Amino acid sequence: MTTHSVGTPQNFEDAMGRAVALRLTESMDSLPHDITERLKAARMQALGKRKIVKTEVASSASVSGGTLTLQGGHEKHGLWNWIGSLLPLVALIAGLVLINLAQDGIRANEIAEVDAELLTGDLPTTAYTDPGFAQYLRASQQRE
């Protein structure tokens with residue numbers, strides 16, 4: 001019994017492809033002419049429809065702190081790539097602005113409530129200068 005070590009899955013696929021191609025080539029002479037013509041036409045159609053995959057080799061690589069960065073030099077950056085790279089930045093800035101506006105509104109409401117308590121309450125003038133007065137008002141509002 002003979003065993004062959006093929007190693008990686010890619011080597012196995014290559015060996016299997018070569019074996020199938022060899023068997024097909026050996027049995028091609030026994031096929032009728034009309035079948036070989038149909039196979040030839042089907043092969044031409046398949047070759048016409050195949051996808052051509054373009055690969056690009058990185059022009060440089062740099063290692064920094066255990067991180068490898070590949071840089072390609074032949075890419076053309078169009079308008080859509082530029083817009084796509086700025087879109088997350090715009091969303092971040094818009095989110096920060098909305099958060100700031102919401103926090104300003106909350107602060108304004110708190111100050112307005114304190115002012116309303118000051119103006120409508122019966123307190124001595126020394127209560128207005130007390131540093132813990134705002135905390136007292138908040139605590140009394142939470143109890144209500």
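Mentor: Let us begin with contact, which means heavy atoms within 4.5 Å. Please keep in mind that this is a predicted model.

Trainee: With which residues is F133 in contact, leaving aside its neighbours within four places in sequence?

Mentor: They are L118, L123 and A127. Heavy atoms of F133 therefore lie within 4.5 Å of heavy atoms of each of these residues.

Trainee: What makes F133 part of a nonpolar core?

Mentor: Such a core consists of buried nonpolar residues joined through side-chain atoms within 4.5 Å. The largest one has 5 residues, namely V114, L118, A127, F133 and L137. Helix 3 and helix 4 are the elements that give two or more residues to this core.

Trainee: Why are the buried residues of helix 4 said to line one face of the helix?

Mentor: In helix 4, residues 133-143, the buried positions are F133, L137 and S140. Seen down the helix axis, these buried residues fall within an arc of 65°, so they line one face. They pack against helix 3 (79-120). On the face turned away from the buried side, helix 4 carries Q135 and Q142, which are exposed, that is, over 50% relative accessible area.

Trainee: How do you know that strand 1 and strand 2 pair?

Mentor: Pairing requires at least two bridges, and 5 bridges join strand 1 (residues 60-64) to strand 2 (residues 67-71); the strands therefore pair. They run antiparallel, and A61 has L70 in strand 2 as its bridge partner.

Trainee: What do strand 1 and strand 2 form, and how many residues are between them?

Mentor: They form a hairpin with 2 residues between them, and G65 in the turn has a positive phi of about 60°.

Key
Residues numbered from 1 in each chain as written. Predicted model: local features only at pLDDT ≥ 70, side-chain atom pairs only at ≥ 80, totals over all residues. Heavy atoms only, no water. Buried < 20%, exposed > 50% of the residue type's maximum accessible area, 1.4 Å probe, protein only. Helix = DSSP H or I, 4+ residues; strand = E, 2+ residues; numbered from the N terminus. Arc of directions from axis to C-beta.
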